[in-house]
Amino acid sequence: MTYILKPQLHHPKLPTNGLGYTRRDYEGSVSTLCAGCGHDSISASIIQACFELELPPHRVAKLSGIGCSSKTPDYFLGNSHGFNTVHGRMPSVLTGANLANRDLIYLGVSGDGDSASIGLGQFAHAIRRGVNMLYIVENNGVYGLTKGQFSATSDRGSKSKRGVVNTDAGIDMVSLALQMGATFVARSFSGDKEQLVPLIKAGLAHKGAAFIDCISPCVQFNNHQGSTKSFDYVREHNEAVNKLDVITPRDPIHVDYRPGETVRVQQHDGSILSLHKLNDLYNPNSRAQALGYLQARQARGQIVTGLLFVDPAAGDLHDAVGTVATPLNQLGEAELVPGQAALERINASLR
Amino acid sequence: MPEPVASQQALAAQKGARINDFVVKFANVNGSGSASANGMFARSVMRMGVPVAARNIFPSNIQGLPTWYEVRITEAGHLGRRGGVDLMVAMNPQTWDRDVAEIEPGGFLFYDSTKPIPPSRFRDDITVVGVPLTAMCNEAYELPRERQLFKNIIYVGALAGLLGIEAEAVESLIRDDFAGKDRLIKANIEALHMGLSYVQKQLAPLPLQVRRADGVGDRIYVEGNQAAALGAVYGGATVCAWYPITPSTSLAEAFTAYCQELRVDPDTGKSRYAIVQAEDEIASIGIVVGAGWNGCRAFTATSGPGVSLMTEFIGLSYFAEIPAVIFDVQRGGPSTGMPTRTQQADLLAAAYAGHGDSKHPMLLPADPGECFEMGALAFDLADRLQTTVFVMLDLDIGMNEWLTKPFQWDDSRKLDRGKVMTAEMLDAGADFGRYKEVDGDGIPYRTYPGTHPTKGGYFTRGTSRNPYARYSEEGAVYVDNMERLLRKFETAKSLAPAPILRRAKGQTRDGVIYFGSTTPAMDEALEMLEAQGRRLDALRIRAFPFADEVMSFIESHDRVFLVEQNRDAQLRTLLMTEGDVDPAKLVSVLHYDGTPITARFIAGAIASRMAVGQIEAAE
């Protein structure tokens, strides 16, 4: 929790990024999560992604709901404004914040309890509106803060720490996001930073609703035999369809792979997603194929990870609403208040 | 058959004819197109310079259920409901018996006489006027929809003839309403004259007459919801998130229409506003809170059931200190209640929304003019106080057109954005503590997200925290913060609109307190009571928290009537909770059947209690 302050001193020779910030400038308070928690690895990946993308830390707004995952925004980007909202309602708050200032970068962090149970509706609607954000669900399949109840993403047949078998069907957040019209959809694993960091970078750079379902084992309550969200289970069943490199407009382009194995996609901000195919059949530009592929693999017990779908030309809610380029929170009287002359016309029309 | 024009003049001179002071009630089937015809009737009377107060009493239904429209014609300018009906326009067979029963003794019944109605269905003490509307329509029109719609205009024409409304007044309205659609203008004017000439040929005018007057002045005729929406535009609101719910829907829709007219960048055609129809009320208020946190003026419009759903977020707004504005257009509760009827029954739900100790300012507009003013003011208060501010309309104000003073705006007025710390202030060394008391008014400074690379960032949360926004469950730190929130609420008293006092003509120990849509009926009731020699000082409350004047008003009277439109005397509860007042002094006058309160009801209830008091005193 935030009463634990990190020492501000750091090594003078820490590497800096193009803005002159060190990695420490992207850190937050000391985490109070359990040692070995997958969520802390995701926080570390967020820090690395923001550092590498050279984002001014204070231009990121980080929002969350309630739960272990929702506590994490305190543990990264300490100079950013954060908002720990109410349970399951982060998507609406983020939507409002985004409408108020289109110039900030919006990072929503949530968990499977927060987004798949109480907040399933808000999750779906923020996605279908195309809110320009990166929405990460730190998915551990369990309620950690209340000590081990099943969440809505627990697979049917998976076992709780106390040995109870889950009889309800699990919700697949990735399929849901695809159906709701997310324009960037990925799944990753907190234990695979190499895969996760580029996905976070690409998701932050994406214009439109970007979603990452990040499986993040709960070391206390869901890391045992019989769980389908344990480190061992996910490692054994992980099927990555591609490997992503994010090339920002500043980076020199160099090719690691043979032609034909790599797909290049340019995003709205100029960044290039270089996707190395690990599965020849997988095409991340087709929503329908992505859904079919996911369901087929899921039936075989596999967990498909990687960049599953991207529409690099996507628009966002501001495009739909047609707002002015200036952030709405910077408009003043002159732009907002029509004045007495307009009122007189209105009065005349009401007589 | 006397010559019609001559007979009108004779009537006007006739003793006992009621001029510009009577109530006409239309009983219709909803979905039949009657609403626009009835509205036209009301506005044509206003075009003759005679004030009207019109109220739509409609069902939660699209087609086929009973609906009523009551038009009070009142040269004296009594804009509340009087009570009783002088002329019933009975167009709905489903409600015939109750409609006939509602007519005042000596009153009038207008009906469609195409089909004979047995004499037992009428009354001996009223005058019956029949016009064969259906037969006339069937003869003149082929299409069923035309027969239906023009029947409404034909009866407006017939009523114009019977009541002395100038044909030109109605015609000019038809020309304005259908501007650019010449075919419709012609057809409607023909239908109007069909009714008018039937009456002129076959019937004598009634002793209820409209005569040209100069009572309307420069007043405008507008719904409270529309006025509140315009207030939101002038108050600088840029984000509106809402979910459709009667009776608030037209507020969000009016905001949309006004923004399309007034808030488009002339160079780019882009919008200086964002409106989201959310998936529910919870998301609506979530969007508002998010936008408020990020420095926008944002609002939602809802009704009681929506407020229930929003409660958790309202508590967050209170505790995390985020500006938000909620327009609550109250309807009949509890639960789904009476969705298309009016009440003032959300006072407690709004004032204390949320778990834990929390309370929220409310503004209580009495007419559309105040809906505009308070609609704009609410955003200044929300920014200044960094909390949710309610504007409490009700269906009567919100969805009925009222005559009200014209809207006015002082072009030199600035939006009060409250205490916002800027990058310059942070660089100059200001000590920023998001929840730190600085000026003794309980209001801390805030920063907008993205203000400064290294200073002024903080983590907003609904958990308790210290003045520097760091998580804390220390008892003393928590209490300190809660006490500061109380000081802030005290500050709200001085910022909210003051109550309005109306002294009796002469000394009295009796007072009455009222608010909101009760106001015009209360004004008239005070005149009625005064005429009976019953004196009361009257105080109209316009905001919560209550100004000190409210408590001193109660203090300085022996007995104070509280007039409210709810069952549980919610204002009384608020006064008893918030002030150190003697509950025995507070006598409730409660009207909560879902119809707008009437002057006769208030005057009757107060007079009977005062009479009992006199008898007790004599004994």
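## Salt bridges across the interface

Where chain B meets chain A, the rule picks out 2 salt bridges. Keep in mind that this is a predicted model. One of these pairings joins B:R461 to A:D74, and the closest N and O atoms sit 3.7 Å apart. That pair counts because the cut-off for a salt bridge is 4 Å.

Polar contacts turn up here too: there are 21 residue pairs of this kind across the interface of chain B and chain A, with both residues at pLDDT 80 or more.

## What chain B brings

So which elements of chain B give two or more residues to the side that touches chain A? The helices are α8 (224-234), α9 (249-262), α10 (281-293) and α11 (304-320), and the strands are β9 (220-223), β11 (274-277) and β17 (459-461). Helix α10(B) gives the most, with 8 residues.

Sort the residues on this side of chain B by type and you get 35 nonpolar, 19 polar and 15 charged.

## How much gets covered

Let's look at the contact as a whole. Chain B puts in 69 residues and chain A puts in 56 residues. Between them, the two chains bury about 5300 Å², and 62% of that lies on carbon and sulfur atoms.

## Strands that pair between chains

Back to β17(B), one of the elements on the chain B side. This strand pairs with strand β2 (residues 81-84) of chain A, running in the parallel sense over 3 bridges.

How values were computed:
Residues are numbered from 1 along each chain as its sequence is written. Chains are lettered from A and ligands numbered from 1 in the order in which they are written. This is a predicted model: local features need pLDDT of at least 70, side-chain atom pairs count only at pLDDT 80 or more; totals for chains, interfaces and linings use all residues. Side-chain values use heavy atoms; hydrogens and water are left out. Contact means heavy atoms within 4.5 Å. Buried area is the accessible area (1.4 Å probe) that two parts lose on being put together, summed over both. A salt bridge is a side-chain nitrogen of Lys or Arg within 4 Å of a carboxyl oxygen of Asp or Glu. A polar contact is a pair of N or O atoms within 3.5 Å; within protein, one must be able to donate a hydrogen and the other to accept it, and residues adjacent in sequence count only if both atoms are side-chain atoms. Helices (H or I, at least four residues) and strands (E, at least two) are DSSP runs, numbered from the N terminus. Ala, Val, Leu, Ile, Met, Phe, Trp, Tyr, Cys and Pro count as nonpolar, Asp, Glu, Lys and Arg as charged, and the others, Gly among them, as polar. Two strands pair if DSSP finds at least two bridges between them.
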